[in-house]
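User: I have a chain open on my screen and want to go through parts of it with you. Can you start with how you name the pieces?

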Amino acid sequence: MAVTWHKHRFWCDNEGCDQVVFTEGGPLAARGGTVSTAAKETMGHLVGDWVVAGAAGVSWHTAHRGFVAVAEEAGIVVTAPTAGTGPDGPAGDEENTVGGEAGCGPDAGRPVRSVSGPLPGIEVLGIDDHRRGRPRYHRDPISDGWVADADRWQTGLFDSAGGHGLLGAVEGRTATATAGWIKARPAAWRAGIRAVTIDMSTIYKAAARDALPHAMIAVDPFHVAQLGNKAVGDVRRRVTHQLRDRRGRATDPEYTIRTLLVRGPGTLSGNGRAKILTTLADLGGEEGFAIGAA
């Protein structure tokens with residue numbers, strides 16, 4: 001059951017008002033809030049139980065704020081302290097700054113999001129980049145130059161084979177920062193990783209070879225299929241240019257089968273297979289063989 005509360009918006013035409021336009025608030029929902037306090041608490045528990053925020057019908061940010069509130073009440077540190085964790089802190093509570101070292105670089109002292117506690121043991125480590133928005137800058141009062149606060153890209157490290165989800169995040173997408181995060185984990189945790197999944201990125205391949213030289217590197221099937229489809233399209237366009245000395249047109253025989261050429265064997269019908277073979281036979285010679293081989 002969902003209960004909707006239509007809050008009233010008030011307008012003050014008195015010059016003594018601190019705020020001209022405001023909405024009503026109370027113990028049920030804070031001023032300016034779109035979700036009740038009880039709903040945020042419920043979503044916080046759901047996120048803690050690995051339930052997707054979409055199941056609650058709200059955005060991830062709303063569910064995350066509820067999770068942060070519940071975690072803080074339970075004594076779980078969600079925002080790492082700026083002074084570091086010290087030598088006696090838990091293994092999974094180190095600060096993750098640019099370059100993988102706490103207290104170094106221009107971002108030293110800036111808190112990062114992480115839940116304290118040792119990381120669970122995993123066998124397959126996934127590495128992928130995520131674009132989170134525009135980069136953030138601030139002006140240095142001494143040099144009067146712009147200094148980057150947050151990169152538009154972030155590297156996520158997660159459990160690919162188990163159900164532990166996101167393990168950590170690194171600012172930017174560099175091999176040094178990614179390898180630094182992995183090397184900061186305990187040696188026993190790194191030794192348990194037998195494979196690393198990436199998206200054909202040379203940056204993450206270098207990071208995996210540096211931090212986990214014993215692990216096998218695997219590429220996800222999507223990017224492998226994407227690269228294969230691109231090779232088929234490149235060969236088809238090259239054949240068209242060799243035959244007609246121009247770009248392809250909709251009336252060209254090889255153009256009419258462009259979508260059939262990238263279909264999987266399991267999704268290709270008998271008529272589609274026959275059309276491919278007939279078109280390639282009509283082209284003949286090296287041109288038809290080149291497209292068929294691709």
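Analyst: Helices (H or I, at least four residues) and strands (E, at least two) are DSSP runs, numbered from the N terminus. Residues are numbered from 1 along each chain as its sequence is written. This is a predicted model, where local features need pLDDT of at least 70, side-chain atom pairs count only at pLDDT 80 or more, and totals for chains, interfaces and linings use all residues; side-chain values use heavy atoms, with hydrogens and water left out.

User: How many helices and strands does the protein chain have?

Analyst: The protein chain has 10 helices and nine strands.

User: And what share of the residues is buried?

Analyst: Buried residues are 28% of the 294 in the protein chain. Buried means under 20% relative accessible area, exposed over 50%, and partly exposed in between (1.4 Å probe, protein chains only).

User: Where is valine 219?

Analyst: Valine 219 sits in strand E9, residues 216-219. Its relative accessible area is 34%, so valine 219 counts as partly exposed.

User: Changing topic. What is the span of helix H9?

Analyst: Helix H9 covers residues 270-283, 14 residues, and reaches 20 Å from its first C-alpha to its last. That is close to the 20 Å expected at 1.5 Å a residue, the expected span being 1.5 Å times one less than the number of residues.

User: Which residues of H9 are buried?

Analyst: Gly272, Ile276, Thr279, Leu280 and Leu283 are buried in H9. Seen down the axis of H9, these buried residues fall within an arc of 95°, so they line one face of the helix. The arc is that of the directions from the helix axis to the C-beta atoms.

User: Why would residues three or four places apart point the same way?

Analyst: Because an α-helix has 3.6 residues a turn.

User: What is exposed on the other side of H9?

Analyst: Gly270, Asn271, Leu277, Ala281 and Asp282 are exposed there.

User: And what covers the buried residues of H9?

Analyst: The cover includes helix H6 (221-244), helix H7 (253-256), helix H8 (258-261) and helix H10 (285-293). Contact here means heavy atoms within 4.5 Å.

User: On to H10. Which of its residues are buried?

Analyst: In H10 the buried residues are Gly288, Ala290 and Ile291. They cover an arc of only 160° around the axis, which puts them on the same side of H10. These buried residues pack against H6, H7, H8 and H9. The face turned away from the buried side carries the exposed residues Gly285, Glu286, Phe289 and Ala293.

User: Salt bridges next. How many does a search of the whole structure find?

Analyst: The search finds nine. A salt bridge is a side-chain nitrogen of Lys or Arg within 4 Å of a carboxyl oxygen of Asp or Glu.

User: What does arginine 237 form a salt bridge with?

Analyst: Arginine 237 pairs with aspartate 234, the closest N and O atoms being 2.8 Å apart. Because they are three residues apart in helix H6, arginine 237 and aspartate 234 are separated by about one helical turn. Arginine 237 is partly exposed at 46% relative accessibility, and aspartate 234 is partly exposed at 35%.

User: Which side chain meets glutamate 254 in a salt bridge?

Analyst: That of arginine 244, at 2.6 Å, N to O. The pair links distant parts of the chain, with glutamate 254 in helix H7 and arginine 244 in helix H6, 10 residues apart.

User: Is glutamate 254 buried or exposed?

Analyst: Glutamate 254 counts as buried, at 0% relative accessibility. Arginine 244 is partly exposed, at 27%.

User: Which residues are linked with them in a network of salt bridges?

Analyst: The network links Arg244, Arg246, Asp252 and Glu254. Within it, the side chains of arginine 246 and aspartate 252 meet at 3.0 Å, N to O. Aspartate 252 is buried, with a relative accessible area of 3%, while arginine 246 counts as partly exposed at 23%.
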